[in-house]
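Subject: Structure handover

Hi,

My notes on what turned up follow below it.

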Amino acid sequence: MTFDEWMKELNKVLTSCTGGITYHDLPDADYRGYFDDGISVRNAIRDFVWDDWVEFEPLQYLLEDYLSVTEES
């Protein structure tokens, strides 16, 4: 997977669970670093949501709930 493909997947997951919010709408995160380290999109979201977006608590819980549900299916 290329970095561009990884970012498209990131946006797909974000927009699926937030009703249209993309990474452009959110605080910066080291997306390239996550990709270069081989971290999956879902694990990267978990990391930056809980580490970098502490001021967005409702979004943290929304994304965590979504990621938990989609992993179970």
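Phe-3 and Trp-6 both sit in helix H1, three residues apart, about one turn of the helix. Helices here are DSSP runs of H or I with at least four residues, numbered from the N terminus. Note that this is a predicted model: local features need pLDDT of at least 70, side-chain atom pairs count only at pLDDT 80 or more, and totals for chains, interfaces and linings use all residues. Residues are numbered from 1 along each chain as its sequence is written, and side-chain values use heavy atoms, with hydrogens and water left out.

Aromatic rings

Rings of Phe, Tyr and Trp (its six-membered ring) pair if their centres lie within 6.5 Å; planes under 30 degrees apart count as stacked, over 60 as edge-to-face and the rest as tilted. By this rule there are four aromatic pairs. Phe-3 and Trp-6 make a stacked one, at 6.4 Å centre to centre with 15 degrees between the planes.

How exposed are these two? Phe-3 is partly exposed, at 21% relative accessible area. Trp-6 is buried, at 3%. The cut-offs are under 20% for buried, over 50% for exposed and partly exposed in between, with a 1.4 Å probe and protein chains only.

Trp-6 also pairs with Phe-35, edge-to-face: 6.2 Å centre to centre, 65 degrees between the planes. Trp-6 lies in helix H1 and Phe-35 in helix H2, so this pair ties together parts 29 residues apart in sequence. Both Trp-6 and Phe-35 are buried. Phe-3, Trp-6 and Phe-35 form one aromatic cluster.

Leaving out residues up to four places away in sequence, Trp-6 touches Met-1, Tyr-31, Tyr-34, Phe-35, Ile-39, Ser-40, Val-41 and Ala-44.

The core

A nonpolar core is a set of buried Ala, Val, Leu, Ile, Met, Phe, Trp, Tyr and Cys residues joined through side-chain atoms within 4.5 Å. Which members of the largest one touch the most other members? Of its 17 residues, they are Trp-6, Leu-10, Tyr-31, Ile-45 and Phe-48. H1, H2 and helix H3 (41–52) each supply at least two residues of this core. H1 gives the most, with six.

Helix H1

H1 has 16 residues and reaches 22 Å from its first C-alpha to its last, close to the 22 Å expected at 1.5 Å a residue. That expected span is 1.5 Å times one less than the number of residues. Its buried residues are Trp-6, Met-7, Leu-10, Asn-11, Val-13, Leu-14, Cys-17 and Thr-18. They cover an arc of only 165 degrees around the axis, which puts them on the same side of H1. The arc is taken from the directions from the helix axis to the C-beta atoms. On the other side of H1, Asp-4, Lys-8 and Lys-12 are exposed. Gly-19 follows H1, with a positive phi near 80 degrees.

Asn-11 lies in H1 and counts as buried at 18% relative accessibility. The side chain of Asn-11 reaches the backbone nitrogen of Tyr-23 at 3.1 Å. The C-alpha atoms of Asn-11 and Tyr-23 are separated by 6.4 Å, though the residues are twelve apart along the chain.

Thr-22 is in the loop between H1 (3–18) and H2 (31–36). Thr-22 is buried, also at 18%. Beyond four places in sequence, Thr-22 touches Asn-11, Leu-14 and Thr-15.

Best wishes

Notes:
Contact means heavy atoms within 4.5 Å. A polar contact is a pair of N or O atoms within 3.5 Å; within protein, one must be able to donate a hydrogen and the other to accept it, and residues adjacent in sequence count only if both atoms are side-chain atoms.
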